[in-house]
Amino acid sequence: MPRKPARHHRLLPVQPLTFSPFARSVARVATAYLVKHHMHDAMQQSAGDEFKEKLKNVDRQSVSSEDEEFDGVVQADFAFFDPKPDDFHGVKTLLQSYLNNKQWDLSGFVDLILGQTTVGTVVKLEDDEDNGVFSIITALNLGRYKDHKCISELKEFLLNICHEKDKIGNLRSLLGDEAQKVGLLVSQCVVNLPPELLPPLYDALFDEISWATEDEPTEELRNSFRFKFYVVVSKFYKHKNANQKRSSSTDKDEAFVYIKPEDEILHKLSMWSFLFPLQTQQVATHELKNYQLTGIVMAVKAEDISSFRQQLHALINES
């Protein structure tokens, strides 16, 4: 069976992506700040000395000075790999704030991701002895793994943060009766991962899901990848007046600034979504003074994934 695209050899500019000029400007500033703090926080986690050194090397190589506004380029040979146990610390570091600051069975969650080798991808540097992980993407069936502590805690977290009466019933349904049809779409990467990797990364994921419905050894496993819905947990910047009528002084501001470019597409395609507050440290910059880092949960129909893939390719190609 064909597997993931193996290599991407190219000069990759470090550039945040959003649809509007204003949002791009804000995202660029946020990226410059977050790269430094993400690398610092990551190196405080138990990722091992080798991974810590790799993060420091990437910080030096891939981030130009803020005055240069990311006009530099990175010579990097990225490769896609099946998840394996050696990726544990790298993946855990990437997912450290996945559920805000909640104390939960993150180690068990990472074990589930790494144990599902037929669907899921990690991105590393080609021929990298330090084995640093720069991105993880996968989809976990919420019904298949319902008895695992980490999934129970994740469902509890989502139900507790949903305070919108018109959404809570839909959420309960996806997490309960319809869980066997729901894939938790998990995608996390270092802040400045080159956006050119996103289309092939998502293509690899959804191709693998399709293959798994035919190639898994049992009917039960094949059925577990026949998703009808995806749930996405992410974060973005929300304007403090996003729910109010803007004054003329703020009309030029975007309501939302997306940290991950694919989230804007998923948000537009979602059946429903809701926001929740984060305890994560706020980026302190002038450009983001009117924005609050905010969590978002989205539900997307599997039938809309084809449109998502097309829009993601178009977005990256136009940038």
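**Entry 1. Terms and source**

I began with contact, which means heavy atoms within 4.5 Å. I took helices (H or I, at least four residues) and strands (E, at least two) as DSSP runs, numbered from the N terminus. I noted that this is a predicted model, in which local features need pLDDT of at least 70 and side-chain atom pairs count only at pLDDT 80 or more, while totals for chains, interfaces and linings use all residues. Residues are numbered from 1 along each chain as its sequence is written, and side-chain values use heavy atoms, with hydrogens and water left out.

**Entry 2. The chain as a whole**

I looked up the secondary structure of the protein chain and found 10 helices and 9 strands. I then checked burial, where buried means under 20% relative accessible area, exposed over 50%, and partly exposed in between (1.4 Å probe, protein chains only). Of the 319 residues in the protein chain, 55% are buried. Among contacts with a separation of 6 or more, 76% join residues 24 or more positions apart.

I asked how many of the residues of α4 are buried. The count is 7 of 10, and the helix is mostly covered. The buried residues of α4 are L106, G108, F109, V110, L112, I113 and L114. Their cover includes α3, β4, α5 and β5 (182-189).

I next examined α4 against α5. Their axes come within 8 Å and cross at roughly 115 degrees; axes are lines fitted to C-alpha atoms, for helices over the stretch in contact, and angles run from 0 to 180 degrees between N-to-C directions. α4 is therefore roughly perpendicular to α5. For that word I used these cut-offs: angles under 35 degrees count as roughly parallel, over 145 as roughly antiparallel, 65 to 115 as roughly perpendicular and the rest as oblique. The crossing of α4 and α5 is left-handed, a term used if the near helix is turned anticlockwise from the far one by less than a right angle, with right-handed used if clockwise.

Which residues of α4 and α5 meet? I found G108, F109 and L112 in α4 against C150, I151 and L154 in α5. By class, this contact of α4 with α5 has 5 nonpolar, 1 polar and no charged residues. In this scheme Ala, Val, Leu, Ile, Met, Phe, Trp, Tyr, Cys and Pro count as nonpolar, Asp, Glu, Lys and Arg as charged, and the others, Gly among them, as polar.

**Entry 3. Helices α5 and α6**

I followed α5 (residues 149-161) to α6 (residues 165-175), and the two pack at an angle of about 170 degrees with their axes 10 Å apart. α5 and α6 are therefore roughly antiparallel to each other. K155, L158 and L159 of α5 make the contact with I168, L171, R172 and L175 of α6. I recorded 5 nonpolar, no polar and 2 charged residues in the contact of α5 with α6.

**Entry 4. Helices α9 and α10**

I turned to α9 (residues 261-269) and α10 (residues 305-318), which pack at an angle of about 140 degrees, their axes 10 Å apart. α9 passes α10 in a right-handed crossing. P261, E262, I265, L266 and L269 of α9 meet S307, F308, Q311, L312 and L315 of α10. The residues of this contact of α9 with α10 comprise 7 nonpolar, 2 polar and 1 charged.

α9 is mostly covered, with 8 of its 9 residues buried. One of them, P261, has a relative accessible area of 11%. I also noted that P261 and P195, 66 residues apart in sequence, are 8.1 Å apart in space, C-alpha to C-alpha.

Leaving aside neighbours within four places in sequence, N141 is in contact with A179, Q180, V182, S224 and F227.

I found N100 in the loop between α3 (88-94) and α4 (106-115). N100 counts as buried because its relative accessibility is 9%. Although not a glycine, N100 has a positive phi of about 60 degrees. Most residues other than glycine have a negative phi.

Last, I looked up D253, in the loop between β6 (229-239) and β7 (256-258). At 10% relative accessibility, D253 is buried. The C-alpha atoms of D253 and H239 are 7.8 Å apart, and the two residues are 14 apart along the chain.
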